[in-house]
Amino acid sequence: MPSEAQPAIHVDRRRPGLALAVALLAAVPYGIGLVLPYYANGVHLRPAGETIYAYDLGTMWPYDTGLGGVVAFIAVVGVPTAPFISGGVAMWSLFMVWAWWRTLTVLEVVLYAAAFAVGVATIAWLATPLANDLLMWFWD
């Protein structure tokens, strides 16, 4: 039987929306567990000489609410794994654009580029002084 007569099976392995969703979800533990309590409780307004360690994170919103256990779980599990997930998403997005370049639509390239940017930005945020202070505050 010639190859033209065989039915074509189309398996779409490209998921740019999934890549972007995973990249955004990898940044959630930092936002919910670290940045949100820092700004919502006014810790960023502390006097210049006062250390961040003077504030007990466990007694602040959202950790002192009914969802505090869920927030703490998301932060404890998500903060150490987020760099690995973000790096994986960034590499996956870059590889998918490289491998499927000729068949991708413009929207798919944009979604992969956004996923790559969010993944790299999540990792790059860890090098900032604010991230260093917040992570030390969280793990203390």
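Trainee: To start with, is T122 buried or exposed?
Mentor: This is a predicted model, and in it T122 counts as buried, because its relative accessibility is 7% and the cut-off for buried is under 20%.
Trainee: Which helix does T122 belong to?
Mentor: T122 sits in helix α3, which covers residues 106–125.
Trainee: And what is T122 in contact with, leaving aside neighbours within four places in sequence?
Mentor: With those set aside, the contacts of T122 are A26, A27, Y30 and S86. A26, A27 and Y30 are among the residues of α1 that meet α3, while S86 is one of the α2 residues that meet α3.
Trainee: Nice. How do α1 and α3 sit relative to each other?
Mentor: Their axes cross at roughly 25 degrees and come within 8 Å. That angle makes α1 roughly parallel to α3. The crossing is left-handed. On the α1 side the contact includes L20, L24 and L34, and on the α3 side it includes L111, V118 and W125.
Trainee: What about α2 and α3, at what angle do they pack?
Mentor: About 150 degrees, with the axes 8 Å apart. Angles over 145 degrees count as roughly antiparallel, so α2 and α3 are roughly antiparallel to each other. Their crossing is left-handed. Residues meeting there include V89, L94 and M96 from α2, and F116, V120 and I123 from α3.
Trainee: Staying with α2, where does the helix bend?
Mentor: At T81, by about 50 degrees, and the proline P83 follows within four residues. P83 is also one of the α2 residues that meet α3.
Trainee: How far apart are the end C-alpha atoms of α2, and what span should I expect?
Mentor: The ends are 43 Å apart. Helix α2 has 32 residues, 68–99, so at 1.5 Å a residue the helix should span 46 Å, and the two values agree.
Trainee: Changing topic: which residues does the cis peptide bond join?
Mentor: W61 and P62, with omega at about 5 degrees. P62 is in the loop between α1, residues 16–40, and α2.
Trainee: Last one, where does T128 lie?
Mentor: T128 is in the loop between α3 and α4, the latter being residues 129–139. T128 counts as partly exposed, because its relative accessibility is 28%.
Trainee: And how far is T128 from W92?
Mentor: Their C-alpha atoms are separated by 25 Å, and the two residues are 36 apart along the chain.

Technical notes. Residues numbered from 1 in each chain as written. Predicted model: local features only at pLDDT ≥ 70, side-chain atom pairs only at ≥ 80, totals over all residues. Heavy atoms only, no water. Helix = DSSP H or I, 4+ residues; strand = E, 2+ residues; numbered from the N terminus. Buried < 20%, exposed > 50% of the residue type's maximum accessible area, 1.4 Å probe, protein only. Contact = heavy atoms within 4.5 Å. Expected span 1.5 Å × (residues − 1). Bend = angle between axes of the 7 residues up to and from the residue. Axes fitted to C-alpha atoms, helices over the stretch in contact; angles between N-to-C directions. Parallel < 35°, antiparallel > 145°, perpendicular 65-115°, else oblique. Left-handed = near helix turned anticlockwise from the far one by under 90°.
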